[in-house]
Amino acid sequence: MAGALMTDVVMRAEDVHKRFGRLEVLKGVSLDVQQRETVCIIGPSGSGKTTFIRCINHLEKVDGGRITVNGHLIGYRQKGDRLVEDSEKSIARQRTQIGMVFQRFNLFPHKTALENVIEAPVHVLGQSREQATEEGVRLLTRVGLADKTGTYPGKLSGGQQQRVAIARSLAMKPALILFDEPTSALDPEVTGEVLSVMEELAHEGMTMIVVTHEMGFAREAADRVVMMDAGVIIEEGTPEHFFQAPEHERTKQFLSKIL
Ligand code: ADP
Ligand code: MG
């Protein structure tokens with residue numbers, strides 16, 4: 001089978017370097033994420049987690065190394081032995097494969113929950129309004145918002161807005177969803193409803209990379225946890241490894257603060 005030549009790696013980052021001016025923020029990050037895998041990235045503030053996530057969908061250019069999603073370079077084309085930046089159009093097309101849920105929900109305030117969800121399927125994927133609407137209602141139901149399809153973001157709680165953002169991501173049928181601290185801006189009482197939607201997705205086999213310090217979520221949903229510090233991955237393992245026997249002093253220190 002031709003398809004069998006490809007491994008089940010959805011996202012591969014190889015020796016990714018990124019600097020902002022003289023500040024080297026990513027100092028050679030390599031990570032493979034397999035199909036159906038949920039990987040949590042933890043680490044102190046400023047360690048480069050957001051930058052790494054943003055490099056994966058090419059919201060940031062990389063200065064070295066490469067990132068592929070489903071075997072395709074993200075943001076670049078190979079030209080001889082060099083990488084040259086891709087056209088906007090081609091980058092936009094690649095991004096449709098990569099869902100992204102940010103700390104802030106970034107919903108369109110003047111569109112209802114359902115309109116937010118169907119926007120990209122209609123305008124980017126060219127789905128009919130009817131088909132997108134049917135799917136959108138299904139997805140909003142799946143995240144527990146069947147009764148909020150016609151509601152504007154301003155009338156939704158932070159947790160509800162974040163669930164709309166998740167439904168909006170799912171509507172694009174992405175190969176991979178990136179979450180960057182999706183609950184850190186939420187009131188504690190609605191954090192759980194967002195985490196349980198994410199947990200369900202993980203168990204249903206969505207491929208996910210989740211920057212989060214919610215170790216309860218990691219324990220329930222993560223196949224692997226990756227610890228970043230100062231622009232490198234210093235340790236990785238199962239959630240149990242991090243609970244029971246973290247190796248690095250930095251990891252121990254960090255976990256003692258968040259657990
Ligand atoms: P984390 O998400 O782990 O907290 P970030 O990736 O946001 O870390 O940031 C890593 C470092 O890069 C920090 O020192 C931050 O100040 C810096 N940084 C992030 N984005 C920019 C930017 N656009 N310009 C300059 N410095 C940046
Ligand atoms: Mg961050």
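**A salt-bridge site and its surroundings**

Author: Glu135 and Arg138 form a salt bridge, and their closest N and O atoms are 2.9 Å apart. A salt bridge here is a side-chain nitrogen of Lys or Arg within 4 Å of a carboxyl oxygen of Asp or Glu. The model is predicted, so local features need pLDDT of at least 70, side-chain atom pairs count only at pLDDT 80 or more, and totals for chains, interfaces and linings use all residues. Residues are numbered from 1 along each chain as its sequence is written, chains are lettered from A and ligands numbered from 1 in the order in which they are written, and side-chain values use heavy atoms, with hydrogens and water left out.

Back to the pair. Glu135 and Arg138 both sit in helix α4, residues 129–142. They are 3 residues apart, about one turn of the helix. Helices (H or I, at least four residues) and strands (E, at least two) are DSSP runs, numbered from the N terminus.

How exposed are the partners? Glu135 is buried, at 18% relative accessible area. Arg138 is partly exposed, at 43%. The cut-offs: buried means under 20% relative accessible area, exposed over 50%, partly exposed in between, with a 1.4 Å probe and protein chains only.

Glu135 has another salt bridge, with Lys173. Here the closest N and O atoms are 3.4 Å apart. This pair links distant parts of the chain: Glu135 is in α4, while Lys173 is in the loop between α5 and β9 (176–180), 38 residues away. Lys173 is exposed, at 55% relative accessibility.

Next, the helices. α4 packs on α5 at an angle of about 135 degrees, and the axes are 9 Å apart. That makes α4 oblique to α5. Angles under 35 degrees count as roughly parallel, over 145 as roughly antiparallel, 65 to 115 as roughly perpendicular, and the rest as oblique. Axes are lines fitted to C-alpha atoms, for helices over the stretch in contact, and angles run from 0 to 180 degrees between N-to-C directions. The crossing of α4 and α5 is right-handed. A crossing is right-handed if the near helix is turned clockwise from the far one by less than a right angle, and left-handed if anticlockwise.

Which residues meet there? From α4 come Leu139, Leu140 and Arg142; from α5 come Val164, Ala167 and Leu170. By class, this contact of α4 with α5 has 5 nonpolar, no polar and 1 charged residues. Ala, Val, Leu, Ile, Met, Phe, Trp, Tyr, Cys and Pro count as nonpolar, Asp, Glu, Lys and Arg as charged, and the others, Gly among them, as polar. Contact means heavy atoms within 4.5 Å.

Helix α3 joins in. The buried residues of α3 pack against α4 and α5. α3 covers residues 113–123, and its buried residues are Ala113, Leu114, Asn116, Val117, Ile118, Pro121 and Val122.

Follow α5 onwards. α5 spans residues 158–170 and packs on α6, residues 188–204, at about 20 degrees, with axes 8 Å apart. That makes α5 roughly parallel to α6. α5 passes α6 in a right-handed crossing. On the α5 side are Gly159, Gln160, Gln162, Arg163, Ile166 and Leu170. They meet Val190, Glu193, Val194, Val197, Met198 and Leu201 in α6. By class, this contact has 7 nonpolar, 3 polar and 2 charged residues. Leu170 is listed in the contact of α5 with α4 and in that of α5 with α6.

How many does a search of the whole structure find? It finds 14. Among them, Asp86 pairs with Arg77, with closest N and O atoms 3.3 Å apart. Asp86 is buried, at 13% relative accessibility. Arg77 is partly exposed, at 42%. Elsewhere, Lys18, Arg54 and Glu60 are linked in a salt-bridge network.

One more stop, in a loop. Asn57 lies between α1 (49–56) and β4 (64–69). Asn57 is buried, at 4% relative accessible area. Neighbours within four places in sequence aside, Asn57 is in contact with Ile74, Arg95, Ile98, Met100 and Leu178.
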